[in-house]
2 protein chains.
Amino acid sequence: MAGRSGAAAIVIGDEILSGKIRDSNGPYLIDKLRGVGMPLGRILTVGDDLDEIAWAINSCRGTFRPLFTSGGIGPTHDDLTVAGVARALGREVIRHPEIEAAIRSHYGDAMKEEALRLANVPEGAVLVRSPRSWYPVIAVEEIFLLPGVPELFRMHVDGLVERYRGDPFYLRCVYLGVGETEVAAVLDRIAREHPAVALGSYPRLDDADHRVKLTLEAQVEAPVEAALAALLALLPVEIVLRIE
Amino acid sequence: MAGRSGAAAIVIGDEILSGKIRDSNGPYLIDKLRGVGMPLGRILTVGDDLDEIAWAINSCRGTFRPLFTSGGIGPTHDDLTVAGVARALGREVIRHPEIEAAIRSHYGDAMKEEALRLANVPEGAVLVRSPRSWYPVIAVEEIFLLPGVPELFRMHVDGLVERYRGDPFYLRCVYLGVGETEVAAVLDRIAREHPAVALGSYPRLDDADHRVKLTLEAQVEAPVEAALAALLALLPVEIVLRIE
C-alpha cells in the first residue's frame with residue numbers, strides 16, 4: 001500500500017445501524033473526496049451514544065485529518081455529536097453567541113427555548129458559513145460537524161472538500177480471464193517492487209466478462225505506468241482481456 | 001437509548017474507501033441482522049492494511065459480539081484479514097489441513113502453490129461449512145471472516161444470522177407537521193421516562209408530507225406502546241399527521 005492517513009468519516013445514527021435509513025452520506029463523501037484527490041482512510045458508523053461518538057473521534061483524530069462527522073446535529077435528545085466531540089477533545093460545551101443570534105433571528109418570536117441547543121459548540125469551535133444555509137458548520141481541530149439530513153450534508157460537503165484539493169488519482173485497470181490464484185505470485189512481486197502504487201485485485205463470480213479486475217493507482221502518473229508495464233511483462237498475454 | 005452492544009461489522013477494502021466499489025455488504029448485513037432481531041452496534045470500514053484490520057477487531061471484540069468481517073479473504077497480497085485477525089487476537093497463522101485438502105481437491109493438478117494461502121487461518125479457528133460453497137467460513141472467538149464478493153458474503157450471512165435470532169424489533173412511528181425544536185422538550189421527557197425504548201427523531205427538509213418522523217422501538221411491545229401513549233398525551237393533537 002502507498003501509505004495510510006488522509007481523511008476519515010464518522011457516521012452517527014441509530015437509524016442507520018438499525019436499518020431504518022440507508023446511509024447515503026458516507027458514499028457521497030467517498031465520491032467527493034476522491035473527486036478532489038483526498039484519500040479517505042476510514043469510515044466509522046456508530047450509534048447515538050456519547051461514549052461511542054467520543055471513541056470514534058479519539059480513535060481517528062491522531063491519525064486522520066480532516067474528520068467529517070455526519071448526523072447527531074440538532075435540538076433533540078438524540079443529537080449528541082457536539083457533546084461527544086467535546087468529550088473526546090476534553091473541551092467544555094459552550095453556547096456560541098453568533099449562532100445564538102442567528103437562531104433568534106431565524107425563529108423570531110415563535111422560538112422555543114430548545115432551539116438554542118443548536119448554539120451549543122465545543123469550546124474553541126470555529127464556524128464555517130455557507131451562503132445557502134442560515135446555520136453554519138461547527139468545526140474544531142479540523143473536525144467538521146455536518147448534519148445528517150442528506151440535502152444539508154451534501155451542500156456543506158461540496159464546499160468543504162475544496163479545501164483539500166490535491167493531485168487527482170491516476171488509475172489503470174487490467175481485466176483478466178483467470179482466477180486470482182493464477183496471478184497471485186506476480187501480484188506479490190509488483191506490490192513489493194512498486195510500493196508507491198496501490199495494487200488491488202478483485203475477483204468476480206457473477207457473469208461478468210472477466211474473472212479478476214486489477215487496479216493500479218497513485219496520485220502520480222509515472223509510477224503507475226511503470227508498475228503497469230512491469231505487470232504486463234509478467235502476465236501471460238492470453239489471460240489479459242483488456243486494459244483501461 | 002436502550003443499551004449498547006450487539007453485533008459489529010468490519011468492512012475491509014481500499015476499493016470501498018476509494019470509491020471504486022460501493023459497499024453493499026454492510027447494508028445487507030444491517031437488514032439481515034434486523035430481520036433476526038439482532039442489534040448492530042457498529043460498522044467500521046477500513047483499508048487493506050494489517051494494522052487497521054487488527055485495530056478494528058480489537059476495538060470491537062471486547063464490547064460487541066459476534067463480529068462479521070467482509071473482504072480481504074483470498075490468495076493475493078491485499079488479502080490481509082486472516083493475518084489481521086490473528087494479530088488482533090495474538091494468535092499464530094497456521095495452515096488448516098481440512099481447508100488445504102479442500103483446495104487441493106477443488107483445483108486438482110492445476111493448483112498453483114499460492115492457492116494454499118486460502119488454507120491459512122488464525123490458530124484455533126473453526127470452520128463453518130455451507131452446502132453451497134466448497135470454501136468454508138473461518139470463525140474464531142465468534143469473529144466470522146466473510147469474503148467480500150457480494151454473492152458469497154450474502155450466501156454465508158443468510159446462514160450465520162440464524163444463530164442469533166432473538167425477539168423481533170417492535171417499531172411505532174409518529175409523523176409530525178412541525179419542526180424538531182417544537183417537540184424537543186416533550187421528547188426529552190419521553191426519552192427520560194421510558195429508557196427501555198429507543199426514541200428517534202428525524203427531520204425532513206425535502207418535500208415529504210411531514211417535517212419530523214419519530215420512531216419508538218424495542219424488542220418488547222408493551223414499553224413501546226406505553227411510550228407512544230405517553231408521547232401522544234403530550235403532543236398537541238393538531239401537529240400529529242399520522243401514526244404507524
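Okay, let's start inside chain A: the buried residues of helix α3(A) are covered by, among others, β1 (7-12), β2 (40-46), β3 (67-70), α4 (81-89) and β8 (143-146) of chain A. Before I go on, this is a predicted model, where local features need pLDDT of at least 70, side-chain atom pairs count only at pLDDT 80 or more, and totals for chains, interfaces and linings use all residues. Residues are numbered from 1 along each chain as its sequence is written, with chains lettered from A and ligands numbered from 1 in the order in which they are written.

So, which residues of α3(A) are buried? They are A:E52, A:I53, A:A54, A:W55, A:A56, A:I57 and A:C60. Buried here means 20 or more other C-beta atoms within 10 Å of the residue's own, with C-beta atoms placed from the backbone. Helices (H or I, at least four residues) and strands (E, at least two) are DSSP runs, numbered from the N terminus. Helix α3 of chain A covers residues 50-61, twelve residues, and reaches 16 Å from first C-alpha to last, close to the 16 Å expected; that expectation is 1.5 Å times one less than the number of residues.

Zooming out, chain A splits into domain 1 (7-164) and domain 2 (170-243), with bounds from an automatic or database domain assignment. Their C-alpha centres lie 38 Å apart.

Over to chain B, and an open sheet. Four strands pair antiparallel in the order β10-β11-β9-β12; pairing takes at least two DSSP bridges between two strands. At the edges stand β10 (198-203) and β12 (240-243) of chain B, each with a single partner strand, so one side of each has no neighbour in the sheet. Neighbouring strands are turned by 20° against each other on average, direction ignored. Angles come from lines fitted to C-alpha atoms, for helices over the stretch in contact, and run from 0 to 180 degrees between N-to-C directions.

Helix α7 (residues 180-193) of chain B packs on this sheet, touching β9, β10 and β11 (212-218) of chain B, and makes about 175° with β10(B) in direction. Contact means C-beta atoms, placed from the backbone, within 7 Å. Inside the sheet, three bridges join β9 (residues 170-176) of chain B to β12(B), and B:L176 stands opposite B:V240 in β12(B).

Last, how the copies relate. A rotation of 180° with 0.0 Å of shift along its axis superposes chain B on chain A, RMSD 0.0 Å, by least squares on C-alpha atoms of residues with pLDDT of at least 70 in both. That's the relation of a two-fold axis. In chain B, the C-alpha nearest the axis belongs to B:L44, 2.3 Å from it.

Conventions
Two residues are in contact if their C-beta atoms, placed from the backbone, lie within 7 Å. A residue is buried if 20 or more other C-beta atoms lie within 10 Å of its own, exposed if 12 or fewer, and partly exposed in between; C-beta atoms are placed from the backbone.
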